[in-house]
Amino acid sequence: RVIRGWVVALRAGRVNEAAGFFGVPARVLDGTNAPRELPDLRAVRAFNRGLPCGAQLVDTERGEGRLVIATFRLTERSGPGARPCGAVGNLAATAFLIEDRHIVQWLRGPDPIQPPDRDVS
């Protein structure tokens with residue numbers, strides 16, 4: 001429920017609501033920057049605002065330890081920080097550690113195998 005609530009809020013451009021699904025501090029690895037800690041709500045908001053794409057939750061599965069691996073289909077998003085996604089329709093995976101109903105780790109994983117192009121022309 002936490003992952004689904006977060007992704008719905010982010011896709012709709014409700015950055016403050018999306019940030020509310022995170023615990024503080026939170027550790028993130030976005031696949032571009034080095035792993036970092038978000039020490040306060042301001043940093044969590046900035047992280048969420050900086051995500052260029054929205055997403056739809058496709059699947060979840062248990063990972064190692066207490067991690068939950070979520071697979072998303074990327075979409076455009078609206079609101080603060082929104083810019084062209086550039087990867088709409090692609091799949092993306094993120095490992096989450098959730099404690100007390102809050103995301104305390106958000107770790108971008110390797111991209112799943114992408115679905116074949118749906119263009120049947």
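The model is predicted, so local features are taken at pLDDT of at least 70 and side-chain atom pairs count only at pLDDT 80 or more, while totals for chains, interfaces and linings use all residues. Residues are numbered from 1 along each chain as its sequence is written, and side-chain values use heavy atoms, with hydrogens and water left out.

**The sheet**

Begin by selecting the six strands, which form an open sheet of mixed pairing in the order 2-1-6-5-4-3; strands (E, at least two residues) and helices (H or I, at least four) are DSSP runs numbered from the N terminus, and two strands pair if DSSP finds at least two bridges between them. Strand 2 (36-38) and strand 3 (54-62) stand at the edges, and because each has a single partner strand, one side of each is left without a neighbour in the sheet. Next, select strand 4 (residues 68-75) with strand 5 (residues 91-99), an antiparallel pair joined over six bridges, and look for isoleucine 69, whose bridge partner in strand 5 is alanine 95.

**The helices**

Helix 3 (residues 41-50) lies across strand 1, strand 2 and strand 6, running at about 45° to strand 1.

**The core**

Select Trp6, Phe22, Phe72, Phe96 and Trp106, which touch the most other members of the largest nonpolar core, a set of 29 residues. Such a core consists of buried Ala, Val, Leu, Ile, Met, Phe, Trp, Tyr and Cys residues joined through side-chain atoms within 4.5 Å, buried meaning under 20% relative accessible area, exposed over 50% and partly exposed in between (1.4 Å probe, protein chains only). Helix 1 gives the most to this core, with six residues. Centre on phenylalanine 96: leaving aside neighbours within four places in sequence, its contacts include Ile3, Trp6, Phe72 and Trp106.

**A loop residue**

Move to proline 84, in the loop between strand 4 and strand 5, which counts as exposed at 70% relative accessibility. The C-alpha atoms of proline 84 and cysteine 53 are separated by 7.4 Å, although these residues are 31 residues apart along the chain.

Methods. Contact = heavy atoms within 4.5 Å. Axes fitted to C-alpha atoms, helices over the stretch in contact; angles between N-to-C directions.
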